[in-house]
Each structure stands twice: as structure tokens, then as C-alpha cells.
Amino acid sequence: MQNEKFDNNSIDASELSFNDFKSIVISDYTVAYQSRQASVLGRREVLTGKAKFGIFGDGKEVPQIAMAKAFKKGDWRSGYYRDQTFAFATGISTIKEFFAQLYANPAPDADPFSGGRQMNCHFATKSINEDGSWNDLTQIKNCSSDISPTGGQMARLVGLAYASKLFRENKELDYLKHFSVNGDEVAFGTIGNASTSEGVFFEAINAAGVLQIPMAVSVWDDAYGISVPAKYQTTKEDISEILKGFQRDENNAGYEIYKVKGWDYPSLCEVYEKAINVCRDEHVPVLIHVTELTQPQGHSTSGSHERYKSKDRLTWEAEHDCILKMRTWMLESAIVSEEEIIELEKSSKIIVRNAQKEAWNEFLDSIKQEQKLVVDFIYDLAKHQPELKKIGDQLASTADAQRKEVFTAARKAIRLSANFDSKERNNFLHWYKNQSELNFDRYNSKLFTDGKESPLKVKIIDAEYDQLSKMVDGREILNACFDNNFNRDPRLVAIGEDLGNIGDVNQGFAGLQAKYGEIRITDTGIREMTIMGQGIGMAMRGLKPIAEIQYLDYLIFALNVLSDDLSTLSYRTKGIQKAPVIVRTRGHRLEGIWHSGSPIGMLLGSLRGMHICVPRDMTQAAGMYNTLFRGDEPAVVIECLNGYRLKEKLPINVGEFTVPLGIAEVLQEGTDITVVSYGSTLRVVEEAAEELISMGISLEIIDTQTLLPFDTTKVCASSLSKTNKLLIVDEDVPGGASAYILQKIVEEQKGYLLLDGQPKTLTSKAHRTPFGSDGDYFTKPSVDDVIEAVYAMMNEANPEKFPKLF
């Protein structure tokens, strides 16, 4: 009973009897009231220490009820952490699941949205199965996994709506019956009024207006952003007022904009029905500005709003509480009597309280079993070491112990018993190791989907050549690769700046828009965050997008979207959602402060959960694309900008051969020093090797090919077993990607056991590259730098044979 899902109904008064109408209204009020009680009780659970933190949707209940009425199967939500009432009203969440998430219950059946990994009010629906296969998304009221960064949901929202446009306009996608019904799906977005100050909000609003997509944005306006009032947030203190220029004109370009008071239940129902019908039928974006909302408990459990709101404001909020207003309207309209509503409210409080108790007890039950076992194990150890009994007693007396406390005691007892081998200790260790695997699954698993379509499981097919294979520019290999794959798979879509009409700035897509149409290969405006968001949303709806960022430096403009949303998606949903976006960009060996960055270390630190591919030439890039196109996990591919016009041999199977991810390649065998690098810098190393051989020094050159994953077959360690010396050459800043590579080889691959000298890194200087060839020479690793760095290492090893150069 406590885990029962709601499914509220739309209101069409012309077809309803009064009793039917009354039943719907009472049901709506019940959901809203129970949601409010969940907020009140949830806050209390945090303040009494049962949960770490809480953020709730109190004050926003009635408009969310109205929004839920317009939300149909197949539709998508991309919202923020105030939307619990909407989740209850649509059946996306139950009240019990809401509390389970508040307690961070890691059991997927308790918190089906994140397996205890996200704080409360972060919802998600199950798009994929355990093996990575898709569910029928047309039969689900879909919710893309929430993120906390304010405004972060807006970028993805654009893509979720844009997918409907593709499904409606590209008839080649009609076979994808489980993903869309004629593109009729609306993408619902919600955002707080203060967060409309974020740049990503304006970028997304503009993008949707340009694209003319079925995106419905609701702004919950309670006049504050935590303690900061609207006068410091928004010009004119009114987001719909300043967006009037987006209102549709006689050419039907732009938005439909609505404004409605958040406590006016009948008007809210009317506005949402009208707005969403326009959005769904005409594929026009709509903005619904819901004003005069309140926040009865303040922003979150971290503080009280009495600190920053005036007495007049607090009085006004009490009078304009949306639930109070709806209650008054119901009584004045004779929909319900005072006695009926009091009884309804009384029973609702009981229902919510019972749901909370069930969620808390279920959370503790599995831990209590572990607690008892650990206490018993420790008492068994205490037979040989009586001093351990104190640890067992302390754990046994801990009421409502959480798993951290159980395992802290277990690990301490294991440490203190290290010198006392016994059957009891072996039993304890066996249990502990098994539990460690369970805890890995609870708290660390699913960084990647790891399903049957993982790119790591794609069949390896070598590039093939024949006597007719000709030497072509590298860009032509990419072009042929994209052509073959777009012809093979209608799900492939490419978007980016200058990508369509001119075929990208380096001609990788030359002529392909004319061949496959603007709907599949599309130019975008200069808006990196929503380019990424378009990719994420499309991928979540079953398409295979390539989202292009023109230069590697520009990826930083979208790093928040990639890091907060895309790279964490599989992990934060514990594998129930995926978005196989391929981010295409280019970089390395450039000149000038703004086009020469190689911020690989930044990406490695930010994008765990994505593959990072760093091909040395366009043939390798094509093979990686072929692998990724057949996989279902997100990746960044960084092409070498100075390689598009270098000649390479065109494979006869240019659209089929694959390069495996995580497999390093020995480009040149040698005996004296192992040099590890990637991308364009490998050509510098190869040129240096030619002079070094004349100096009696033999290099073994290794191309990492990908950085995430890194050298899974330990090619680097195998090389060190021969050379015993390691140099990493990287054009990132000192301590950037080179530090990551060093950790992987020296620590993870135990390369330190194979070294007979200090491993070295050769990187760029700790600043951007000055403009011009001279700036490049004196800033990034040059042929001379590589030669002298290698020679210096040989001098350290054998100064008689290799005397100092300087």
C-alpha cells in the first residue's frame, strides 16, 4: 500500500460528470498534500540525523500536479530537484521510494532511480536492461536522470526534444518503434527562477527557438535563489518579461509564452493543457512561467529561510501557499466538505508516515544482519584476543548502525588480529572479501554500461589493403568512414559548427549533407553546451549522435555538461540509462594561446565514464569511430589537426575495420628506452628516433591510442622489461596527462620493479603556447627536446659512453 503508484488524469470538464470531476480534484489534492507531508517529514529525518541532507519540492505541489496531467507515455522529463510531486503524480516515484533515496538505500529495488547514489528528489526511469538492451520507451513516462548543478538539466533537454523532431521528419527512423510514435513526444523541463540566470539556460532557450522543437520549460518562480531575491537575479525581476522577444510572430518562429499563478489550480490545469497541446502538435517550444510560488521550509535542510526573508514576505507566503489556496477553492466550490478534507488530510499523514517507516526499516534490515555477523566474528576473535571484545561491544550497542560503522569495526578487528592466525579469523576474512565485492557493486559499479554492445566487446577487424589502395589525404579517409557508416546505420546523426554546408572546417564531412540530408548532418550555432546537450538527449532516445566541437580548447566551454551529466550517467543511475554520444574534436600541435591547448589532464580528471581516444592519424581515428559506432558508450575522439592533409593509404574496408579501445601499440621496437606518447607528438618522437639511432640509442615507441581505457594488456610494462627506462612525451602541461600515464605504468602495471633509473616526463611548459612557429618550438616538446631528454637519460645510465651534451 505504501509503495502504490499514482496516475493522475487530465480534466476535460465537458465530458465529466460532477462526481468524476470531484474524484479527480480530490485525487490531485491528495497527491499534493501527501507530497507536502513527505517534505515536512523528510526534513525532520535529516534534522534528527537519519539522513545526511534533504532538498524538497514544498510550495511547488499544485503546478506540478497540473503539469503531470499533460505528461503522457513516451514523453520525457529533464528537471531539477523540486519535482517530487510531479514524480508522485506520474507514477515515476512512490513516497516510499522517495524516502529510500533520502536514506541512500543502495538496493536498486528500494531506490530504483540511482541505487542510493544520488540524494533525494533525483529521479530516473529504466531505459535499459541489465544487458544494456533498450526498453520500449514509448510505453514509459520517461525521466532522464537528474543532476544537482543548477541549470544543468537544460542542455540535455534540448536533445530530448530535438529527437522528437528527427523521429517525425526522418522517415528512415520509422522502424524504431520502441523509441517514438511519430515524434509526438514532448520534452518537459523544469527550472527554478534563480537558475534562469545561468548561461546554459539562455543557450538552451535560444537553441530550442532556432530548432523549433517540442520543448516545454516550466519556471518555478518563488522569487528567491536560496537567500538572494529576484532583484539580484533577473532583469526586471521577471524571466517571461525579458523573454518576450522569443514570442512567436506571424512567421511562426519562436516560442509560445504563458504566465500563470502557481496557486491557481483551475488556471494551471487549463494553461498546461493548452500549452502542451501546442507543443506536441505543432512542435513549437513553450515556456510556462509559474509565479507567486512559495518555499515553506526554505531552500534545503542546510538552513532556515527566516534568516533572510522579511516578516511581511513570510506572512505573504503563508497566505499564498498553493495547497492552502487549492484547499480553499475546493471548499468554496463545494467540491469537498470541511469534514471530508480533514479526514483526507489525516489519512494522508498516516500513509506518508507508514511509507517513511517502511523505507527506514528496510534500509536498516540488511545492515542489521551484517552488524550481527560482524559482532559475532569479533567475539570469536576475542576468544584468542580478549582486547577485541571492546570493539564488538561498541558495535553491538550502536543503534541503527550504518554500513560505514559496521565495516569500520570489521576492518579494525582484522588489522589488530593480523598476528593471530586462526580458523575464526580465516572465516572472518572470507566473509569480508565476499562483502567487499558486494560493496563494490553497491557503491562503485557501472561507471560504464558494460552491456552486450560495449565497445570493448566489438569484434576486432584489421584494416585491409590491396594493390589498388591509393594514398589520399587523411581527411578523405575520415570522409569515407563517415559515408560508409551513415549509409549503414540510419540512427547516425552529426551536429556541430560548420559541419553541414561546408563539411566541417577540415572537410571530414565534405559532401555528406547533400547526400544524407540536413536532418542527419546539421550545422549548429556557436553554443558548445547545447551541442553536447543535443547529443546527450538524442542518445538517450536511441539515436547515435556525433556531437562535434570545432577545437579541443572549445571543449572546455561544455566541460560542465560532459562532466556533470554525460560521463556520470551510467554510474549515477547504476546502469539503467545510457547515452552513447561520440564527441568529435581536433587538437594538438597548434600555434597560439587560444588554439593550442591540450588540456588532456583536465579531461582525464573530469570525464571518467567516457572513453578518451587520441588517434595518431586518420586511419586510426576511422577505426576508433567504427568501433564506437557499433558500441553503446560515450567517448571523446581527438583528431590530430595537422594530419588532415598528410597522406595515408585508404583501406578497402574503411567503414568496417575496427581499432580496439585500451590496446596500446608498439610503433617501433627498440632496446634502450621506452618512449610512451599519443596523438601528433608521436611524429615528433619518431623523427627524433632517427637521429638517436645514429647516436647509438635505440627507442621503443609506444602509442597509447586511448587514454581511457589505458593499455589494458600492459604493453608498456612488457616494453620496460626490455629497456628498463621510461620517458613519457606529452604536450599537456607538466603534471597533466603525463602524470596520469606515469601512475598507470609505474603503479598499476608495477613498472617501478622494471626500472633501473628515474622515469622522466617531457611536457609542454606550464603556460599556453605563444603565437607563431617560434612560440610552438620553445613551448611544446620539439624533436630537439626529445633527442636531448633521451640522451640525458642515457648519460645518467652510462656517462662514459654518453658524455654530457651541455
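Modeller: Both Glu 185 and Arg 541 are buried (under 20% relative accessible area; exposed is over 50% and partly exposed is in between, with a 1.4 Å probe and protein chains only). This is a predicted model, in which local features need pLDDT of at least 70 and side-chain atom pairs count only at pLDDT 80 or more, while totals for chains, interfaces and linings use all residues. Residues are numbered from 1 along each chain as its sequence is written, and side-chain values use heavy atoms, leaving out hydrogens and water.

The side chains of Glu 185 and Arg 541 form a salt bridge (a side-chain nitrogen of Lys or Arg within 4 Å of a carboxyl oxygen of Asp or Glu), with 2.9 Å from N to O. Glu 185 sits in the loop between helix H5 (153-169) and strand E3 (187-192), and Arg 541 in the loop between helix H17 (528-540) and strand E12 (544-548), so this pair ties together parts that are 356 residues apart in sequence. Helices (H or I, at least four residues) and strands (E, at least two) are DSSP runs, numbered from the N terminus.

The structure holds 49 salt bridges. Another of them joins Arg 327 to Glu 338, at 3.2 Å from N to O. Arg 327 belongs to helix H10 (residues 322-332) and Glu 338 to helix H11 (residues 338-382), so the pair links parts that are 11 residues apart in sequence. Arg 327 is buried at a relative accessible area of 16%, whereas Glu 338 is partly exposed at 34%.

Glu 796 and Lys 760 also meet through their side chains in a salt bridge, 3.0 Å from N to O. Glu 796 is in helix H26 (residues 783-797) and Lys 760 in strand E22 (residues 760-762), so the parts tied together are 36 residues apart in sequence. Glu 796 counts as exposed at 51% relative accessibility, and Lys 760 as partly exposed at 22%. Elsewhere, salt bridges with shared partners join Asp 504, Glu 548, Arg 584, Arg 586 and Glu 639 into one network.

In helix H18 (residues 559-566), 6 of the 8 residues are buried, which leaves the helix mostly covered. The buried residues are Leu 559, Val 561, Leu 562, Ser 563, Asp 565 and Leu 566. Their cover includes H5, H17, helix H19 (569-572), strand E13 (582-587) and helix H20 (600-606).

Ile 276 is in helix H8 (residues 265-282) and is buried, with a relative accessible area of 2%. Not counting residues up to four places away in sequence, Ile 276 touches Ala 70, Val 186, Phe 188 and Ala 216 (contact means heavy atoms within 4.5 Å). Ile 276 and Phe 71 are 205 residues apart in sequence, yet 8.4 Å apart in space, C-alpha to C-alpha.
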